[in-house]
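Good morning, everyone. Please bring up the model on your screens, and we will walk through it together.

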Amino acid sequence: IKWIPKESSAQAAGLKEGDLILAVDGSTQAKTSMELGYYVRFSKKAGDLLELRVRRDNRELTLNQRLE
């Protein structure tokens with residue numbers, strides 16, 4: 001991730017600049033930010049939980065965000 005807008009859903013989820021998204025909801029299918037956006041828009045709805053597995057500083061983390 002190169003940039004995270006302030007007060008964005010990405011910031012609320014705990015993503016940080018430099019993070020590498022490894023999987024979304026256990027899937028590695030979304031390879032680009034555009035694919036990730038399509039996945040969230042068309043597969044999720046408000047109230048759903050989104051699970052992101054990321055690599056940060058050579059560690060793997062799991063971040064969860066309830067969609068608004």
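From the N terminus on, the elements run α-β-α-β-β. That comes to two helices and three strands. Here, helices (H or I, at least four residues) and strands (E, at least two) are DSSP runs, numbered from the N terminus.

A word on the source. This is a predicted model, where local features need pLDDT of at least 70, side-chain atom pairs count only at pLDDT 80 or more, and totals for chains, interfaces and linings use all residues. Residues are numbered from 1 along each chain as its sequence is written, and side-chain values use heavy atoms, with hydrogens and water left out.

Now the overall shape. Along the principal axes, the C-alpha atoms fill a box of roughly 30 × 25 × 20 Å.

Next, the surface. The accessible surface of the chain is about 5,200 Å², and 49% of that belongs to carbon and sulfur atoms. These areas come from the Shrake-Rupley method with a 1.4 Å probe; for residues, only the protein chains shown count as cover. Of the 68 residues, 29% are buried. Buried means under 20% relative accessible area, exposed means over 50%, and partly exposed is in between (1.4 Å probe, protein chains only).

On to contacts, meaning heavy atoms within 4.5 Å. Take those between residues at least 6 apart in sequence: 39% of them join residues at least 24 apart.

Let's turn to charges. Side chains of opposite charge can pair when their charged atoms come close. A salt bridge is a side-chain nitrogen of Lys or Arg within 4 Å of a carboxyl oxygen of Asp or Glu. How many salt bridges does this rule give? The count is five.

Start with Arg56 and Asp19. Their closest N and O atoms are 2.8 Å apart. This pair links distant parts of the chain: Arg56 sits in strand β2 (residues 49-56), Asp19 in the loop between α1 (9-13) and β1 (20-24), and 37 residues separate them. Are these two buried or exposed? Both Arg56 and Asp19 are buried. For Asp19, the relative accessible area is 2%, which is why it counts as buried.

Stay with Asp19 for a moment. Its side chain reaches the backbone nitrogen of Lys16 at 2.8 Å. That is a polar contact: a pair of N or O atoms within 3.5 Å, where within protein one must be able to donate a hydrogen and the other to accept it, and residues adjacent in sequence count only if both atoms are side-chain atoms. Leaving out residues up to four places away in sequence, Asp19 touches Ile1, Gly14, Val54, Arg55 and Arg56.

There is also a network of salt bridges, linking Arg53, Arg55 and Glu60. Arg53 meets Glu60 at 3.4 Å, N to O. Glu60 meets Arg55 at 3.8 Å, N to O. Arg53 has 33% relative accessibility, so it counts as partly exposed. Arg55 is partly exposed because its value is 34%.

Next stop, Asp48. You will find Asp48 in the loop between α2 and β2. Its side chain reaches the backbone nitrogen of Lys45 at 2.9 Å. Not counting residues up to four places away in sequence, Asp48 touches Ser43, Gln65, Arg66 and Leu67.

Which residues make it? Met34, Tyr38 and Phe42 do, over about 390 Å². Patches are made of residues with over 30% relative accessible area and no salt bridge; like charges are joined within 9 Å, nonpolar side chains (Val, Leu, Ile, Met, Phe, Trp, Tyr) within 5 Å. Phe42 belongs to helix α2 (residues 33-43). At 66% relative accessibility, Phe42 counts as exposed.

Glu7 is in the segment before α1. Its phi is near 60°, a positive value in a residue other than glycine. Glu7 has a relative accessible area of 77%, so it is exposed. Asn58 lies in the loop between β2 and β3 (59-66). Phi of Asn58 is near 65°, again positive in a residue other than glycine. Asn58 counts as exposed, at 76% relative accessibility.
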